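Keep the sequence and the 3D view side by side while reading.

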Amino acid sequence: MSEPLYELYAIRYGRQAERCRRENVLNADRPDERMPIDYFIWVVKGPDHVWVLDTGFVPAAARKRKRQLDVTPDEGLARLGIDAAAVEDVILTHVHWDHAGGQDLFPAAKFHIQDSELSYASGRCMCDADLNLGFEPGDITGLIEKLFARRLVFHDGDATLAPGLTLHRIGGHTAGMMVVRARTRRGWMVLASDATHFYENIETDRPFPYFCDLRGVYAGFRRLRELADDPALIIPGHDPLVLERHPPARPDLVGLVARLD
Ligand SMILES: [Zn+2]
Ligand SMILES: [Zn+2]
């Protein structure tokens, strides 16, 4: 029997328009030129199951960090016909504030996470100002609550979730940064999340300038290229070009949901 094919969607729920290249690209040329960033969650739809990647952020975090929230992540999912309250499997690519802030929108879910991500985000590195910058303490305590409620599913490295759907630890950006690979009608695609924020990061070998291990970021770029059948099938985590390079999931979802596969 052949492996199932998955449908992949990117939901852009937030943005930050006023931002410049030096904030997105290490040693950027034209460092002061404007370069907006987008915020996404992703959906992997199989024949009989749905996985959601990341939980996004919620209004309080948007105010605190001065980001624009277009729709709450659960509203974005609802527009695509998915009830966040009924989702059973959420994959946390990593637990930065813009990926783990919406945990409470998924009351029925188990959360997939790398061992190294939870230990990093709840351990001694969070004493260091620049390393803890990307995390919200409330998101981490939320994960500890879920740990004791047996709602975390731990992975250590690579794992198979279902035929044609795998997880891969990348590291670099955070200790337990992971990506998802799915077999689609376009071939093997990789939802890279913050293993490459923008197409430019991986295409020009210039990382996003926030990481815990620069060597790991570069090793991650190599791994992403191995995992995808074609470089065009690597979907970056924050690039506005994702919505330009892929069609809307439906005509009424232009600018909100792209169909990636
Ligand atoms: Zn991140
Ligand atoms: Zn991010």
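R169 has M178 as its bridge partner in β10. The strands involved are β9 (residues 165-169) and β10 (residues 178-184), which pair in the antiparallel sense over 5 bridges. Two strands count as paired if DSSP finds at least two bridges between them. Helices (H or I, at least four residues) and strands (E, at least two) are DSSP runs, numbered from the N terminus.

This is a predicted model, in which local features need pLDDT of at least 70 and side-chain atom pairs count only at pLDDT 80 or more, while totals for chains, interfaces and linings use all residues. Residues are numbered from 1 along each chain as its sequence is written, and chains are lettered from A and ligands numbered from 1 in the order in which they are written.

β9 and β10 belong to an open sheet of 5 strands, ordered β8-β9-β10-β11-β12, with mixed pairing. β8 (159-162) and β12 (234-236) stand at the edges with a single partner strand each, so one side of each has no neighbour in the sheet. From one strand to the next, the twist averages 25°. Axes here are lines fitted to C-alpha atoms, for helices over the stretch in contact, and angles run from 0 to 180 degrees between N-to-C directions.

Helix α8 lies across β9, β10, β11 (187-193) and β12, and runs at about 155° to β11. Contact means that the C-beta atoms of two residues, placed from the backbone, lie within 7 Å. The buried residues of α8 are G216, V217, G220, F221, R223, L224 and L227. A residue is buried if 20 or more other C-beta atoms lie within 10 Å of its own, exposed if 12 or fewer, and partly exposed in between; C-beta atoms are placed from the backbone. These buried residues pack against β9, β10, β11, α7 (199-203) and β12. E226 also sits in α8 (residues 214-227). E226 is exposed, because 9 other C-beta atoms lie within 10 Å.

Two helices can be set side by side. The expected span is 1.5 Å times one less than the number of residues.

| Helix | Residues | First to last C-alpha | Expected span |
|---|---|---|---|
| α6 | 12 residues | 17 Å | 16 Å |
| α8 | 14 residues | 20 Å | 20 Å |

**Around W42**

Strand β2 (residues 37-45) is mostly covered, with 8 of its 9 residues buried. It is joined to strand β1 (residues 7-16) by 9 bridges, and the two run antiparallel. W42 in β2 is the bridge partner of A10. On the β3 side, W42 stands opposite L53. β2 and β3 form a hairpin with 4 residues between them.

Which residues have the most contacts inside the largest nonpolar core? They are Y9, I11, W42, V44, V190 and L224, in a core of 66 residues. Such a core is a set of buried Ala, Val, Leu, Ile, Met, Phe, Trp, Tyr and Cys residues joined through C-beta atoms within 7 Å. β2 gives the largest share of this core, 6 residues.

**Two positive phi angles**

D54 lies in the loop between β3 and α1 (59-65). Its phi is near 70°, positive in a residue other than glycine. R150 is not a glycine either, yet has a positive phi of about 60°. R150 is found in the loop between α6 and β7 (152-155).

Is each residue buried or exposed? D54 is buried, because 27 other C-beta atoms lie within 10 Å. R150 is exposed, because 8 other C-beta atoms lie within 10 Å.
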